[in-house]
Amino acid sequence: MQSARTAYPVTWRIMDALEAFAATVWPANWTRAVPYLMLAPAVLLVGLLVLGLIQIGDTSLRTLDTSTFLLSEEYTLANYQRAFTEPLFAAVAARSLLGALIVTAITLVFAFPYAYVMVRTSSPALRKFLLIALFLPFFIGQVVRAYGWLIILGNQGMVNEALGLVGVEPMRLLYNYPAVLFGLVQYMLPFAVLMVAPALTAIPEELEAAAGSLGADWLRTFFHVVLPLARPGLTGAGLVVVTLSLTDFAMPAILGGGSQDFIANAIYDQFFRTSDQGLGATLALMLVAVGSLLVGLIFTLFGAGTLAMGRARE
Amino acid sequence: MTRRDFLSYPLDRRRFLRGTAATGAAAGLTALGLPHALAQEPEKPGEIIVRAWGGSWVESLEKGVSDPFTEMTGIAVRHDLTEDNEIQPKVWAAVAQNRVPPIHINWDTTTNATKSALRGVTEDLSDLPNLANVTDLAKPVGLDGYPIVNTYGYVYVLAYRPEAFPDGPPKSWKDLLDPKFKGRIALYNDGIGFHFPAQVAGGGSLDDIPGNMQPCWDFVEEIKAQEPLLGEDPDFTTWFQNGEIDAACTISTNAREAKKNGIDIAWVVPEEGAKFDTDGLWIPKGLPENELYWAKQYINFALTKDAQQVWLDGLGLPGVVPGLTPPEDLVDDPSYPTKEEDFADLIRISSKVQVENESDWFAKFKAIMQG
C-alpha cells in the first residue's frame, strides 16, 4: 500500500491550495467577466488618453490674455479660427502631411527589398548581418542620429570633403526640406522593415516556385504573388511610418535649420515660446484629428494590415 | 527679528569669511553682521536650485555667485539646466496647483520673466538690501516693485566672420542682403533681437512700435529671400565653427564664446542700432518660508559688486552695480555699454510692450520664415 504522501504529492496539495484560493478570490460564476478583466488595462490606458484629450479640448477653447498670461474663463472658438485662417499653420500642416506621405512611400520602397532579402536569404551570416544592421539604430536615439547627419552632411562634413576630393565645391546639404525627409526615412526604415518582414515570412516560398514553374518570370511573380500577399505588412508599416512622420519633432527641428517646421514644432512653439497653451492645445487636437483621419482612410482603402493581427485574412 | 530686518543687513563675504575663520561655522552669522541672529535664522535648506543656461553661462554663474554663496552659507547650489521656456509652464502649473515649485530661483530673460510676473507667480523682491546699490537697469520697466531683478544687460550684435567681409566690417543690417550671403546668415528662430533693428533698416521708426511694424516685416521678407538659418544660442557657435554661416544676429556673449574657442569672429552694432535687453533673477511663489528666505539671500548676493564682477566677467556683459571693471577684451566695445553715450545706438523697448505683442510678432515672423 502506498503511503498517503506518495499517493498525493505535495505539489498537488499546493496546486489544490492555490485553486482553493483562486476560487475564493475569483468564484467560478465570475468566469464570464474574465475577458472584461483582461480588457481593463486597455480601457484604463484609453481612458487616461481620453481624459487628457478632454482636458486639451477644454484648453483649446480658451484664449490667452497677454495682460495676465492666464487663459480666459469663457469658451471661444477663436483659437480654431486662428488655426484655420493663419497662413503659417496651413503651410506647416501642408508641409507635414506631404512630408509624411513622401517619407512613407520612400521608406516602403527601401524597406521591402531589405526585408525580402533578410527573410529569403539562404545565408545565415547575411541574415545576421541584416538583423544587426536593423536593430543597431534602435540603440541610438533619434536626436543623436540627427546630429550624426549634421556631422556627415555639414559644409565641412564627410560628404562635402569627399566631393572636394573630386573638385566639387562644398554645397549646402542640410537645413532644407529634403534633408528633413532624408533624416525621417533613415529613422523610419527599421520600423518599416520590422513590420514588413513577418508578412513576407508568412508567404510560403513554394508559391513563388509554383509561379515560376508555371512560366511566370521574377517580375510577374513579384507583382502577382509576392506583393499582394505582402500587402498586410506594407499596410501596417505604412500606418506606423505615416503617423510617426506626421507627428515628428526632432528631425525638422535639427535638420530643418528652423525654416522647415512640422506641426509638432508649431505646437511646441505655442506651448513653450509664446506661452499660448490654448492655441497649442488647438493645434494638438487638430494634429490628432488629421492623423486619425489619415489612418481611417488607410484602414478604409487597404485594411489594417498586420495591425489587424490576422483578422483581415479570415 | 523679522525677515525684513534680517535682510536689511548687507551680506558681506569678507566679513563673513573673517568671522568664519575666527569662530568656525557656527559663527557664520556673526560674520554677516548678525551677532544675535542665529536663533532666529530660518532653517537652511539642503540645497538651493537655480535654473540656468548651460555652457559658459552656468560656469560663470557658478564661479561668480553659486560657489561663493555656498562657501558663505554652507547651502549647496544645484543648477537646473532645463530651458527657460520649458521650466516656465512647470512653475506656472506648480503655483496654480499650490505645489512647491521645482526651482528656487529662475535665471530668466526679462521678457520671459515679465510673463511670469504678469501672471502673478513671482515673489516680490523689493526688500533685498542690495537693491539700494544698483543702477536703474536692475528695475524691470513697466512693472510694479521688483517681481524680477535684472542683473545685467546684453546686446544682440551683428556677429560676422572677418574673412567674409574683406572690405571691412559690416556697417548696416542691410549688408546681409548681399547675394553672396544667401544661405550664409543666421537669426534666432523666433526673430528675437532682430525685430527692432529691422524696423529701422526697413525705413520705419522705433516710435511706431508696436502700432506699425510693417517696415520691420518688409525687411524680414527681404532677409527671408537670403534663406537664413534659424536657431538658438548653441546653434550660432556651431554654425560659425563649422563654416555654415558668415554672419548672425546673436547675443554678444555667444560671439565672444565662439571667439574664445578659436573661431575668427568679430561683431559690430550696425548703424540702425542693435537691441539691448536684460536678464534677471526671480523667485516663484509657493516656496516654504525658510527656502524663500535663502533664495532671496542668493539673489541679494548676486547683486554684490564682487559677485557681479566675477559672474559678468565670464559672460562679458555689463552689470547693474556701479564701478564694475569691464573685461580687458571688451573695453570700449559696443556690446559692453557703460556710459550714457554708449547706449545711443542701442534699442531698448519695455518688456511689457514686448510681452504683450510677442505672440503676434512671433506668428508674423514665423509666417514669413516658414512660408
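Guide: Helices (H or I, at least four residues) and strands (E, at least two) are DSSP runs, numbered from the N terminus. By that rule, chain B has 13 helices and 10 strands. This is a predicted model, in which local features need pLDDT of at least 70 and side-chain atom pairs count only at pLDDT 80 or more, while totals for chains, interfaces and linings use all residues. Residues are numbered from 1 along each chain as its sequence is written, and chains are lettered from A in the order in which they are written.

Visitor: Why is a set of residues called a nonpolar core?

Guide: The name applies because its members are buried Ala, Val, Leu, Ile, Met, Phe, Trp, Tyr and Cys residues joined through C-beta atoms within 7 Å. The largest such core has 156 residues, and A:A192, A:V196, B:I105, B:V157 and B:I299 touch the most other members. Helix α9 (residues 177-201) of chain A gives the most to this core, 15 residues.

Visitor: Which residues does B:I105 touch, not counting those up to four places away in sequence?

Guide: Contact requires C-beta atoms, placed from the backbone, within 7 Å. On that basis B:I105 touches B:I48, B:V50, B:L281, B:I283, B:A295, B:Y298 and B:I299.

Visitor: How many residues does each chain bring to the contact between chains A and B?

Guide: Chain A brings 25 residues and chain B brings 27. On the chain A side, α5(A) has the largest share, 4 residues.

Note on methods: A residue is buried if 20 or more other C-beta atoms lie within 10 Å of its own, exposed if 12 or fewer, and partly exposed in between; C-beta atoms are placed from the backbone. Two residues are in contact if their C-beta atoms, placed from the backbone, lie within 7 Å.
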